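The report below is meant for a reader who is meeting this structure for the first time. Please keep the sequence and the model in view while reading.

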Amino acid sequence: MADITVRPRIQRTHRQRAPSHPLVSHCTSSLVDSRSTSRPSKMLRIRAATYKAFCGANLSRSLFVPLFSHLRLSCSRPSTVHPRRRTNMTGSAVFLDAVKARRSLYAIRSESTISDVKIKEIIATAIKHAPSTFNIQGSRPVLLLSDEHRKLWDLALDVLKGVVPAEQLPATEVKIKGFAAGHGTLLFFEDKDCVTSLQTCFPIYHERFPTFNEHANAILQYIVWTVLEAEGLGASLQHYNPLITPQLIST
């Protein structure tokens with residue numbers, strides 16, 4: 001277990017973040033960084049269109065270690081973090097209220113309480129500000145919406161039909177179709193190049209960096225999940241790697 005030291009917050013200059021991955025496009029809209037009013041920040045936008053590029057171009061060359069946790073996005077119920085309540089709460093109380101409201105939700109539907117653009121902005125902000133050891137920033141989320149989202153779960157069902165016992169298949173089909181009924185799917189990948197680079201620069205931690213990167217990926221997933229809950233979007237975390245990874249890469 002890592003030790004956490006609580007200390008007063010001090011002002012310091014902003015450290016330059018790691019450059020974005022070439023397959024993660026910059027947001028075309030001007031999104032202003034909260035820490036700067038002089039210029040738009042280079043927020044990242046994950047497009048559903050990059051899904052095929054990730055699968056066809058990068059995973060096959062092992063640029064990514066596919067953690068492949070699926071964070072399904074859907075409007076399943078109103079957020080329990082009410083706006084009026086937030087206005088009368090301290091900063092920590094607002095955060096903890098969102099933490100307590102986050103749950104795994106399975107009764108989901110395709111409607112969304114916010115626009116797809118807003119979802120992408122939330123993911124982009126989480127990517128930029130999520131903490132990571134040595135500022136590794138090795139997480140590479142891919143957002144699937146509409147047809148790309150449904151194709152993923154159709155693929156998953158086809159794979160499961162070949163491995164799930166016949167007597168369990170009806171229940172499996174219901175579960176997968178329930179996932180497909182959501183608004184979208186967020187895939188979390190890991191960039192192996194980030195890990196390799198740090199292993200070269202800091203050989204004393206060579207064996208630890210893959211674990212550090214997994215920790216950073218988990219933090220990013222939790223941030224996105226919690227913020228989506230605050231926006232009224234229910235979600236759950238699913239694990240289908242490596243079961244469907246080969247088929248995903250070849251799609």
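A residue is called buried when its relative accessible area is under 20%, exposed when that value is over 50%, and partly exposed in between, with a 1.4 Å probe and only protein chains taken into account. The structure is a predicted model, in which local features need pLDDT of at least 70 and side-chain atom pairs count only at pLDDT 80 or more, while totals for chains, interfaces and linings use all residues. Residues are numbered from 1 along each chain as its sequence is written, and side-chain values use heavy atoms, with hydrogens and water left out.

**The chain as a whole**

The chain holds nine helices and six strands, where helices (H or I, at least four residues) and strands (E, at least two) are DSSP runs numbered from the N terminus. Of its 251 residues, 43% are buried. The accessible surface, computed by the Shrake-Rupley method with a 1.4 Å probe, comes to about 14,400 Å², and 56% of that surface belongs to carbon and sulfur atoms. Among contacts (heavy atoms within 4.5 Å) with a separation of 6 or more, residues 24 or more positions apart account for 83%.

**Strand β5**

Strand β5 covers residues 184-191, and because eight of its eight residues are buried, the strand is largely enclosed by the rest of the structure. On one side lie Gly 184, Leu 186, Phe 188 and Glu 190, on the other Thr 185, Leu 187, Phe 189 and Asp 191, and both of these faces are covered. Strand β4 (residues 139-145) pairs with β5 in the antiparallel sense over seven bridges, pairing being assigned if DSSP finds at least two bridges between two strands. Within this pairing, Arg 140 has Phe 189 of β5 as its bridge partner. A polar atom of the Asp 191 side chain lies 2.9 Å from the backbone nitrogen of Asp 193.

| Residue | Relative accessible area | State |
|---|---|---|
| Asp 191 | 4% | buried |
| Thr 125 | 34% | partly exposed |
| Ile 204 | 73% | exposed |

Asp 191 belongs to strand β5, whereas Thr 125 is placed in helix α4 (residues 116-129). The C-alpha atom of Thr 125 is separated by 9.1 Å from that of Val 224, although the two residues are 99 residues apart along the chain. Ile 204 is found in the loop between α7 (192-201) and α8 (209-230).

Note on methods
A polar contact is a pair of N or O atoms within 3.5 Å; within protein, one must be able to donate a hydrogen and the other to accept it, and residues adjacent in sequence count only if both atoms are side-chain atoms.
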